[in-house]
Amino acid sequence: MADRFFPNVMPDFIAETPASSPSYESEPEAGPGTDSLMRLLSTPYPVLSQHVKRAALDLKETIVIETWGVTGQRVHDFTLYAGTLGTAFLLFKAYQVTNNTNDLTLCSQIVKACDSASLGSRDVTFICGRGGVCALGAVAAKYAGDERALSYYLAQFKEIKLPKNLPDELLYGRVGYLWACLFLNKHLGEEMIPSSITRPVVSEIIKNGRALGKKEKCPLMFEWYGERYWGAAHGLAGIMHVLMDMELKPDEVEDVKGTLRYMISNHFPSGNYPASEEDKGRDVLVHWCHGAPGIALTLVKAAKIFSAQEFLKAAIDASEVVWNRGLLKRVGICHGISGNAYVFLSLYQLTGNVEFLYRAKAFSCFLLDRAHKLMSQGEMHGGDSHYSLFEGIGGMAYLFLDMVEPFEAKFPAYDL
Ligand SMILES: [Zn+2]
């Protein structure tokens, strides 16, 4: 399946050598060819991060023009995943990095349009539903000091009703709603969305997981459209990821650990992970949505929360697959190079090991050096929604902003 990814011929590690790259002290010029990529890779981090920041802010301007300016400020798809709310979330990130209040103001304007466009939506999650619109609207309002908008969005958020037949997964299901609650609590205060609202949702998820899980083998299992997925977007990894941020009872914690252990003991010989229970013979996808990258992020979180070496070792093993097969011929966060880079960033944050920072840098520099050329030549897919956060170059812009302060990087709408 070599046609899904570019062979990774970049060195496994290059130590930074500030003295050997005097030509990059002010303005590294990225161009085609191995040499320009290699020069970027050995650029001292403080210089590179300024370069990446400029590229990110230029990309952000393009994305705003294409998704907001050119469309006459009309919202066709309001979602954060592939639509206009993704641009608002990118602007919020840019504001966090640069403190430029113009970005915050524009973020709020775009959320307002998404609010009107999503009033009739029955989707509840942060990434694909009304939860994201109301939660980001409230948080942006708080930072802008707009009390009226803050109470409006909070009231709207509390109006969201979870249908009985809701799935449990991240993009459309219960944990996607819980993530919106976590985002609000992180920015507005721990009890903003109290446990009286979130706890029944957690209990429902655990109940559903146990009903489909096998006590001894895999304690929790879930279904989405008839398939028992493992990945971050629709499956176990995404559900465990959010559950670990909730207050769990001791037996629930054990079930989360047991589920992760089941996944670890059933990975492919290559180190990659199946997309689902039904897909255990098909070692193909190395995406955040399906495969090792999304699962590695969850394992890193488990290693951190449970202080457990077993999860750290499994996360590092999974990251090797991402390094070798994760230089995808796609640009985005969901199933592209930008998303895969976050595996290395999360391991760097947990371990402090600069080899992981180098690998995040390598994926980012590959994009910085070549993405536009490869996309224009048709050798790399720029996403069905080309400017979107999860499928398109919005994700690349987000990654570049995160590379400015890699210790603070967080996979968008997934890591808190
Ligand atoms: Zn995907």
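1. Start with helix H5 (residues 130-144) and helix H7 (residues 174-188), which pack with their axes 9 Å apart at an angle of about 5°. That angle makes H5 roughly parallel to H7 (angles under 35 degrees count as roughly parallel). Axes here are lines fitted to C-alpha atoms over the stretch in contact, with angles running from 0 to 180 degrees between N-to-C directions. Helices are DSSP runs (H or I, at least four residues), numbered from the N terminus.

2. A word on the source: this is a predicted model, where local features need pLDDT of at least 70, side-chain atom pairs count only at pLDDT 80 or more, and totals for chains, interfaces and linings use all residues. Residues are numbered from 1 along each chain as its sequence is written.

3. Back to that helix pair: H5 brings Gly131, Gly132, Ala135, Ala138, Val139 and Lys142, while H7 brings Gly176, Tyr177, Ala180, Phe183, Leu184, His187 and Leu188. Contact means C-beta atoms, placed from the backbone, within 7 Å. Sorted by class, there are eight nonpolar, four polar and one charged residues in the contact of H5 with H7. Gly counts as polar in this scheme.

4. Now zoom out to the domains. The chain splits into domain 1 (38-74 + 356-415) and domain 2 (77-162), with bounds from an automatic or database domain assignment. Their centres, taken over C-alpha atoms, are 22 Å apart.

5. Where do the domains touch? 19 residues of domain 1 are in contact with 17 residues of domain 2. On the domain 1 side, helix H2 (45-69) and helix H15 (393-404) each give two or more residues, and H2 gives the most, with six. By class, that side has twelve nonpolar, five polar and two charged residues.

How values were computed:
Angles under 35 degrees count as roughly parallel, over 145 as roughly antiparallel, 65 to 115 as roughly perpendicular and the rest as oblique. Two residues are in contact if their C-beta atoms, placed from the backbone, lie within 7 Å.
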